[in-house]
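Here is a short report on helix packing and on a pocket. Please look over the sequence and the model before reading on.

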Amino acid sequence: MKKLSEYKDEEALDILADLIEPVSAIFADEEIREIVNKNKGTRAKAVSIAIKRHKKEVISILATLDGVSAEEYHCNVLSLPMKLLEILNNKELTTFLALQSQNTEEQSFGSAMENISEKA
């Protein structure tokens, strides 16, 4: 697996585009956000919850990082922990994931296109 900083130009855009949706879906899970942002558990617990609740997204992330489609990606009980440890030990990737978890925590109070005018 390449480091995120090794992807350049259009390849970097493609990787980012492919990672945003599954990562956002995982970090939309309130329990995972609490573990990551508020230290209410271990990383292993967050990973376990992600694997149980967000299988499709986890496979999508692993496949993207391995450069194959989700349909082509295969893992087993032995390869999955090694791959997840590789991700957790990748500082750039964990920083990206942490930033994503902070972004999904913020809540909007209205439409970004909403017209706000002051009433006298």
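At what angle do H2 and H3 pack, and how far apart are their axes? The angle is about 160°, and the axes of H2 and H3 lie 9 Å apart. The model is a predicted one.

## H2 against H3

Angles over 145 degrees count as roughly antiparallel. H2 is therefore roughly antiparallel to H3. The crossing of H2 past H3 is left-handed.

From H2, the contact takes Glu-31, Ile-32, Ile-35 and Val-36. From H3, it takes Lys-45, Ala-46, Ile-49, Ala-50 and Arg-53. Sorted by class, the contact of H2 with H3 holds 6 nonpolar and 3 charged residues, with no polar ones.

## H1 against H4

H1 covers residues 9-27, and H4 covers residues 55-66. Their axes come within 9 Å and cross at roughly 155°. That angle makes H1 roughly antiparallel to H4. H1 passes H4 with a left-handed crossing.

Which residues of H1 and H4 meet? H1 supplies Ile-15, Asp-18, Leu-19, Pro-22, Val-23, Ala-25 and Ile-26. H4 supplies Glu-57, Val-58, Ser-60, Ile-61, Thr-64 and Leu-65. The contact of H1 with H4 divides into 9 nonpolar, 2 polar and 2 charged residues.

## H3 against H5

The axes of H3 and H5 come within 12 Å. They cross at roughly 125°. H3 and H5 are therefore oblique to each other. H3 passes H5 in a right-handed crossing.

On the H3 side, the meeting residues are Arg-43, Val-47 and Ile-51. On the H5 side, they are Leu-80, Leu-84 and Leu-88. The contact of H3 with H5 has 5 nonpolar residues and 1 charged residue, and no polar ones.

## The largest pocket

How much space lies in the largest pocket? The volume is about 600 Å³. The lining of this pocket is made by 29 residues. Phe-27, Val-36, Val-47, Leu-88 and Leu-97 lie nearest the centre of the pocket.

Which elements give two or more residues to the lining? They are H1, H2 (30-38), H3 (43-53), H4, H5 (79-88) and H6 (91-105). H6 gives the most, with 7 residues. By class, the lining has 21 nonpolar, 7 polar and 1 charged residues.

How values were computed. Residues are numbered from 1 along each chain as its sequence is written. This is a predicted model: local features need pLDDT of at least 70, side-chain atom pairs count only at pLDDT 80 or more; totals for chains, interfaces and linings use all residues. Side-chain values use heavy atoms; hydrogens and water are left out. Axes are lines fitted to C-alpha atoms, for helices over the stretch in contact, and angles run from 0 to 180 degrees between N-to-C directions. Helices (H or I, at least four residues) and strands (E, at least two) are DSSP runs, numbered from the N terminus. Angles under 35 degrees count as roughly parallel, over 145 as roughly antiparallel, 65 to 115 as roughly perpendicular and the rest as oblique. A crossing is left-handed if the near helix is turned anticlockwise from the far one by less than a right angle, and right-handed if clockwise. Contact means heavy atoms within 4.5 Å. Ala, Val, Leu, Ile, Met, Phe, Trp, Tyr, Cys and Pro count as nonpolar, Asp, Glu, Lys and Arg as charged, and the others, Gly among them, as polar. On a 1 Å grid over the protein atoms alone, a cavity is a set of points where a 1.4 Å probe fits but cannot get out, and a pocket is an open set with protein on both sides within 12 Å along at least five of seven lines; lining residues have an atom within 4 Å of a point. Grid points are joined across faces, edges and corners, and a volume is the space filled by probe spheres set on the points.
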